[in-house]
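User: Can you walk me through this one? I'd like to talk about its pockets and then one of its helices.

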Amino acid sequence: MNAATPGSSGGITGSAARAARDLRVVLSRLRRRIREVAEDDELTPSQVSALTLVAKHGAATASALATAEGVRPQSMATTLAALDRHGLIRRSPDPADGRRQLVTLTEDGHRRVQGDRQAREEWLARALQDRFTEGERQTLLEGLALLERLTQP
C-alpha cells in the first residue's frame, strides 16, 4: 500500500519517501565510486572539480569560478595556483576588463579532463556490462528515462 508517511508534509507516500532516500544514497555512492576511478594522487578533489568546471564553462574569472563552485575566492585562488603549477590552466587578461584575468585550460588540461572523463565512462560501461544482464540494463535505461523527468522544470 502507498500510504502517506506519518508526519510528512504534503501527503508524500511512503514509496516516494523511500525512493527519494534510496536514490540519494545510491547516487552519492555511485558518484564517489566514479570519482575514484580517474583520480590519482597528483590532484586534490577540489582541484579536479575546479578543472572540470573550467572545462565546462570555458574562459572564466576566478571569482566566477568560486561562485559556481560555492567556495571563497581565496580558496579558489589557492586551487587555481596549484592547477597553474601543474600546467593545466592558463591565465590571460580579460579583454573587457584588463584588471581581471580569465582562466582557461591548457592543452594538458584538456587532455587531463578528457582522459578522466573517458576513464570514468569506460569503467561504468564495463561495470554495467559485467554486473547486469541485458534485461537489467534495459530496465535501467527505462528507469533513467523516468529519472530524466526530475531534471525538467
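This is a predicted model: local features need pLDDT of at least 70, side-chain atom pairs count only at pLDDT 80 or more; totals for chains, interfaces and linings use all residues.

User: What volume does the largest pocket have?

Analyst: The largest pocket comes out at about 690 Å³. It has 23 lining residues, and V26, L27, L30, L140 and L144 are the closest to its centre.

User: Which elements give two or more residues to that lining?

Analyst: Those are α1 (14–38), α5 (107–131) and α6 (134–148). The most comes from α1, which gives nine residues to the lining of the largest pocket.

User: OK, and the second largest pocket, what's its volume?

Analyst: About 410 Å³ for the second largest pocket. There, 14 residues form the lining, and R31, R35, V48, T52 and R120 lie nearest the centre.

User: Which elements give two or more residues to the lining there?

Analyst: For the second largest pocket they are α1, α2 and α5. Here α5 gives the most, with five residues.

User: How does the lining of the second largest pocket divide by class?

Analyst: Seven of its residues are charged, five are nonpolar and two are polar.

User: Switching topic: α4. Which of its residues are buried?

Analyst: In α4 the buried ones are M76, T79, L80, A82 and L83. Looking down the axis of α4, these buried residues fall within an arc of 155 degrees, so they line one face of the helix.

User: Why would residues spaced like that point the same way?

Analyst: An α-helix has 3.6 residues a turn, so residues three or four places apart point the same way.

User: And which exposed residues sit on the face turned away from the buried side of α4?

Analyst: That face of α4 carries Q74, T78 and R85, which are exposed.

User: How far apart are the end C-alpha atoms of α4, and what span should it have?

Analyst: The end C-alpha atoms are 18 Å apart. Helix α4 has 13 residues (73–85), and at 1.5 Å a residue they should span 18 Å, so the two values agree. The expected span is 1.5 Å times one less than the number of residues.

User: Last one: what about the phi of G87, the residue that follows α4?

Analyst: The phi of G87 is positive, near 75 degrees.

Conventions
Residues are numbered from 1 along each chain as its sequence is written. Side-chain values use heavy atoms; hydrogens and water are left out. Helices (H or I, at least four residues) and strands (E, at least two) are DSSP runs, numbered from the N terminus. Buried means under 20% relative accessible area, exposed over 50%, partly exposed in between (1.4 Å probe, protein chains only). The arc is that of the directions from the helix axis to the C-beta atoms. On a 1 Å grid over the protein atoms alone, a cavity is a set of points where a 1.4 Å probe fits but cannot get out, and a pocket is an open set with protein on both sides within 12 Å along at least five of seven lines; lining residues have an atom within 4 Å of a point. Grid points are joined across faces, edges and corners, and a volume is the space filled by probe spheres set on the points. Ala, Val, Leu, Ile, Met, Phe, Trp, Tyr, Cys and Pro count as nonpolar, Asp, Glu, Lys and Arg as charged, and the others, Gly among them, as polar.
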